[in-house]
Amino acid sequence: MDRNEPLEQIKSRRDSALKALVSGVPYMNWLGIMFDRRGDELTAVLPFDQKLIGNPALPALHGGVTAAFLEMTAIIELSWTAMWEDLESGRIAPDAAVPDSLPRLPKTIDFTVDYLRSGLPRDAYARARVVRSGRRYASVHVEAWQDNRARLFAQATGHFLMPQG
């Protein structure tokens, strides 16, 4: 990393890398999942859309949408964490237009979701924390909330097989 690199250039490089990472998952785009980046910290955002409702009588977010949101948050956080050093040193520069430049995503071994309360018809947010990451295996914990960060509506723990090479 060049210590004299202009701040806007650093932000642009990081935002471009994150966009390339997220654009590689079509289902994430269909759901509308976005990521808010502050330095190396990511917050996933699932904007409310009527198509996400599973039970119109309540109405509540579909459990599958909630699980997918949590799992994709975990995978993107894990990939972001794994590529951060290479990104900052300039060894990699992911570009959505060049598929070979994108890092391979981790594969889910298992993923356990705890549904703590119904997801309301509004925007949802999630943050993942990498608990352990080795060369072959990683463990991630994810928490999701809506209006109040302290009032989670779901949480999950996942184990992933890390891409080799």
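Which strands does helix α3 (residues 63-89) lie across? In this predicted model, helix α3 lies across β1, β2, β5, β6, β7 and β8, and runs at about 50° to β6.

These strands belong to an open sheet of 6 strands, which has the order β1-β2-β6-β7-β8-β5 and antiparallel pairing. Since β1 and β5 stand at the edges, each has a single partner strand, and therefore one side of each is left without a neighbour in the sheet. On average, neighbouring strands of this sheet are turned by 25° against each other, direction ignored.

| Helix | Residues | Angle to a strand |
|---|---|---|
| α3 | 63-89 | about 50° to β6 |

Helix α1 has 17 residues and reaches 24 Å from its first C-alpha to its last, close to the 24 Å expected at 1.5 Å a residue. Among its buried residues are Ile 10, Arg 13, Arg 14 and Leu 18. The buried residues of α1 pack against α2 (26-31), β1, β2 and α3.

One further feature concerns the backbone. Most peptide bonds are trans. Leu 58 and Pro 59, however, are joined by a cis peptide bond, with omega about -20°. Pro 59 lies in the loop between β3 (53-55) and β4 (60-61).

Notes
Residues numbered from 1 in each chain as written. Predicted model: local features only at pLDDT ≥ 70, side-chain atom pairs only at ≥ 80, totals over all residues. Heavy atoms only, no water. Pairing = 2+ DSSP bridges. Helix = DSSP H or I, 4+ residues; strand = E, 2+ residues; numbered from the N terminus. Axes fitted to C-alpha atoms, helices over the stretch in contact; angles between N-to-C directions. Contact = heavy atoms within 4.5 Å. Expected span 1.5 Å × (residues − 1). Buried < 20%, exposed > 50% of the residue type's maximum accessible area, 1.4 Å probe, protein only.
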